[in-house]
Amino acid sequence: MIDYLVVGLGLAGVSFCETLERNGKTFAVVNDSSQQASKVSGGMYNPVILKRFSMAWKAPEQLAETLPFYERLEKKFNTSLHDSLRVMRRFASIEEQNLWFEAADKSKLGPYLSTQIHTDQNPGVNAPFGFGEVLGTGKIAVSKMISSYEQHLAKSRNLISETFDFDRMTITKNGITYGEMSTKRILFAEGFGIKQNPYFKYLPLTGTKGEYLMIKAPDLNESKAIKAGIFLIPEGTDHYRVGATYKWKDVVNAPTKAAKIELQEKLERFLNCDYQIVGQLAGIRPTVTDRRPLVGKHPKYDNLYVL
């Protein structure tokens, strides 16, 4: 009997599995890669909500965990997963500059908002009112990290590549059986897939579809991420990620023409150079209205958990 069976291997699943491994727990993972939100995410971490100049929930506590966690994974897989990335907020007016300075005066936000106004040095970006810089930011190669973890689990034969079949699960007094496997607990880290989970679908998970464009812009020469309604995130070799959209009714992973048009229109409001669209990505974020994590034990079954 193993300690945990983990269902799902996105950011939540990888984080949980790594924590189990560091604490000497036995586990296996069932994953079918049906949820794409983690793999297609921009991977950028940022303590400030740049639409309203407010602090993200528990940002200092989360940042304190972030770098040591990914540094351990880099050593574990002998690969690079983390890059420093400067994040710039493009100002649309003098009023936005003033709001930025007001936010920077607040004790909690002050450490993360530079009070220097950066002037527009890149002819490829239209920013007559300049930029404010967010501090404490960076970028994680999320898809690479998940692929590395999948390979790690496959080598130890702890990865079951299939869709979790609830008909093969039996809850007993001593634990849970799944097919021929016995486990003390099951942790569901299915992302938006939790909406199909008979034990946890009652949770207030809404789901928000997000789409990115991948563009190539040889004349842009930008190394910083720029927030200007949407994000422009450098990916290297003249490639950039542009996005993302927020749609609440469409819950299909396929990219859409409407999102492509929306992102192009927003991009061309501040981009002054030619570009070529080379790809489009989509995924369903497992969002919650109050922006808080869904984590804990099932109200009836003590050995079923959700993350």
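S33 sits in the loop between β2 and α2 (37-40), where helices (H or I, at least four residues) and strands (E, at least two) are DSSP runs numbered from the N terminus. Its phi is near 60°, a positive value in a residue other than glycine. S33 is also partly exposed, at a relative accessible area of 30%; for such labels, buried means under 20% relative accessible area, exposed over 50%, and partly exposed in between, with a 1.4 Å probe and protein chains only. All of this comes from a predicted model, in which local features need pLDDT of at least 70, side-chain atom pairs count only at pLDDT 80 or more, and totals for chains, interfaces and linings use all residues. Residues are numbered from 1 along each chain as its sequence is written, and side-chain values use heavy atoms, with hydrogens and water left out.

K58 also has a positive phi, about 50°, although it is not a glycine. K58 lies in the loop between β5 (54-55) and α3, and with a relative accessible area of 43% it is partly exposed. A244 belongs to the loop between β17 (239-243) and α6 (257-267).

Zooming out, the protein chain has six helices and 20 strands. Its radius of gyration, taken over C-alpha atoms, is 21 Å, close to the 19 Å that the globule rule gives for 307 residues, so the chain is as compact as a globular protein of that length; the rule is 2.2 Å times the number of residues to the power 0.38. The C-alpha trace spans about 65 × 45 × 40 Å along its principal axes. Of the 307 residues, 44% count as buried. Contacts (heavy atoms within 4.5 Å) reach well along the sequence: among those between residues at least 6 apart, 71% join residues at least 24 apart.

The chain carries 40 positive and 33 negative charges, with mean positions 5 Å apart. Here Lys and Arg count as positive and Asp and Glu as negative, leaving out His and the chain ends, and each charge is placed at NZ of Lys, CZ of Arg, CG of Asp or CD of Glu.

Inside, the largest nonpolar core has 23 residues, of which V6, L73, M145 and Y149 touch the most other members. Such a core is a set of buried Ala, Val, Leu, Ile, Met, Phe, Trp, Tyr and Cys residues joined through side-chain atoms within 4.5 Å. At least two residues each come from β1 (2-7), α1 (11-22), β2 (27-30), α3 (59-77) and α5 (142-155), and α5 gives the most, with five. Beyond residues up to four places away in sequence, V6 touches G13, F16, C17, L20, A28, V29, V30 and L187. A second, separate core of 20 residues includes L5, I194, L205 and L304.

R90, in strand β7 (residues 87-90), is buried, with a relative accessible area of 15%. Setting aside neighbours within four places in sequence, its contacts include E96, N126, F131, I226, R269 and F270. The C-alpha atoms of R90 and H298 are separated by 44 Å, and these residues are 208 apart along the chain.
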